[in-house]
Structures are given as structure tokens and as C-alpha cells.
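Dear colleague,

Please find below the structure that I am handing over to you.

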Amino acid sequence: MINKKNIKIIGDRFVLLPFEMKHLTNGYLGWLRDDNINQFLLKPNNETSMEDATEFCKEMICSSNDIFLAIMIQKKHVGNVRIGPINYSSKVCQFSMMIGDKAYHGKGYGTEIVSSSIEYMFNILDMNKATLDVLADNIPAVRIYEKNGMYEERISRESVFMNDKFYDVKTMSIINKNNIHP
């Protein structure tokens, strides 16, 4: 098991640090309530309360199968990365990312963060495979994942209902080509 308190993933323009309760601010809650951010979350809820967010964040911090990180750019919290749940015995983990601060959208941060996260999952956590689910309509996110070598495994047709509409969900993955299989 990894000591989550010592995790520090350093990119050229960002740092991923363990999420702490100090990161749970009204600004963070605002991201979760923002229609433009929320439209692509698989579990959107414009009504997320501080209590709901607190419960989720505490669960992530305490989880032995999840790594919850704050995306820091110039010492400013701009989003989160979740690696997990992690299946250590199967060497498979899930991944998700949210850049909540819109000032950092469309500037290449997402691509860099995903690249560094994949490197961490494969080289430090020794995962064989990383997977994620993304709304098929979230074209910018799909492009970020594809740029990082992720492939579509499947599409679950009309599997999420929100905003009075059904959405398709893509499951994407990447395999650690450095792992030697017997």
C-alpha cells in the first residue's frame, strides 16, 4: 500500500497533491453547482450541499482503494484527480479528473495532468490497466484521453439520464505496455 500523504505528482505547469479538507471551499462547491462544469459529470447534481461534498471528500481521503488529489496551479486549487477504486491484486484502477476552474480550460492542462497521472499509475502504483468512463458528448475530454493513448473499450448507450435527456457513456482504457505478462 502506498502512503497517500506523501504523494506529489509534479508536472511542468501543475502539482497534484493529496486532497485535504482545506480544499473544500465555497469555490469548490461552486464548480459542482455550475451547469457548464456539471454537464459532463457522470453524477451531476446542481444541488450538492456542503454536507454532501464534505462526506464525499472525507470518504475519498480515508479510502484505502482511492487516491484523491488536488490539482494545484501556481498554488491555486483548480480541480481534482481521483485514481480509484484501485484493485491492487488485479492491477487495474479507474481514473477521473475534473478541472473546475474554467480559467484553466482549453489550455492543455488536462492533457498534461492525464499524462502524468498515467505515468504515476503505471510506474509508481504498478498498475497494468487504467480505465475511465466519460460522457460520449464530452468531446474535449475524449480528445484528451485519446491524446494520452487511451482507447474506447465500449459504449453504453443511453445509460445516464440527466437534464431530461439520455446520454451515452464511453469506457476508455490504457494498458501498461511495460508490464511483462507470463
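In strand 2, V15 is the bridge partner of I10. This strand (residues 15-18) is joined by 2 bridges to strand 1 (residues 9-10), and the two run antiparallel. Strands here are DSSP runs of E with at least two residues, helices are runs of H or I with at least four, and both are numbered from the N terminus. Two strands are taken to pair if DSSP finds at least two bridges between them. Strand 1 and strand 2 make a hairpin, with 4 residues between them.

Strand 2 also pairs with strand 3 (residues 67-73), in the antiparallel sense and over 4 bridges. There, V15 stands opposite M72 of strand 3.

Please note that this is a predicted model, in which local features need pLDDT of at least 70 and side-chain atom pairs count only at pLDDT 80 or more, while totals for chains, interfaces and linings use all residues. Residues are numbered from 1 along each chain as its sequence is written, and side-chain values use heavy atoms, with hydrogens and water left out.

C57 is in no disulfide, and the nearest cysteine sulfur, that of C62, is 11 Å away. C62 is likewise in no disulfide, its nearest cysteine sulfur being that of C57. Are these cysteines buried or exposed? C57 counts as buried because its relative accessibility is 0%, whereas C62, at 67%, counts as exposed. The cut-offs for relative accessible area are under 20% for buried and over 50% for exposed, with partly exposed in between (1.4 Å probe, protein chains only).

The last point concerns the loop between helix 2 (35-38) and helix 3 (50-62), where S49 lies. T48 lies in that loop too. S49 has a relative accessibility of 18% and therefore counts as buried; T48, at 10%, also counts as buried. A polar atom of the S49 side chain lies 3.0 Å from the backbone nitrogen of D52.

Leaving aside residues up to four places away in sequence, S49 touches L29 and R33, and T48 touches L29, L32, R33 and A53. Contact means heavy atoms within 4.5 Å. T48 and L32 are 16 residues apart in sequence, and their C-alpha atoms are 6.8 Å apart in space.

With kind regards

How values were computed. A disulfide is a pair of cysteine sulfur atoms within 2.5 Å. A polar contact is a pair of N or O atoms within 3.5 Å; within protein, one must be able to donate a hydrogen and the other to accept it, and residues adjacent in sequence count only if both atoms are side-chain atoms.
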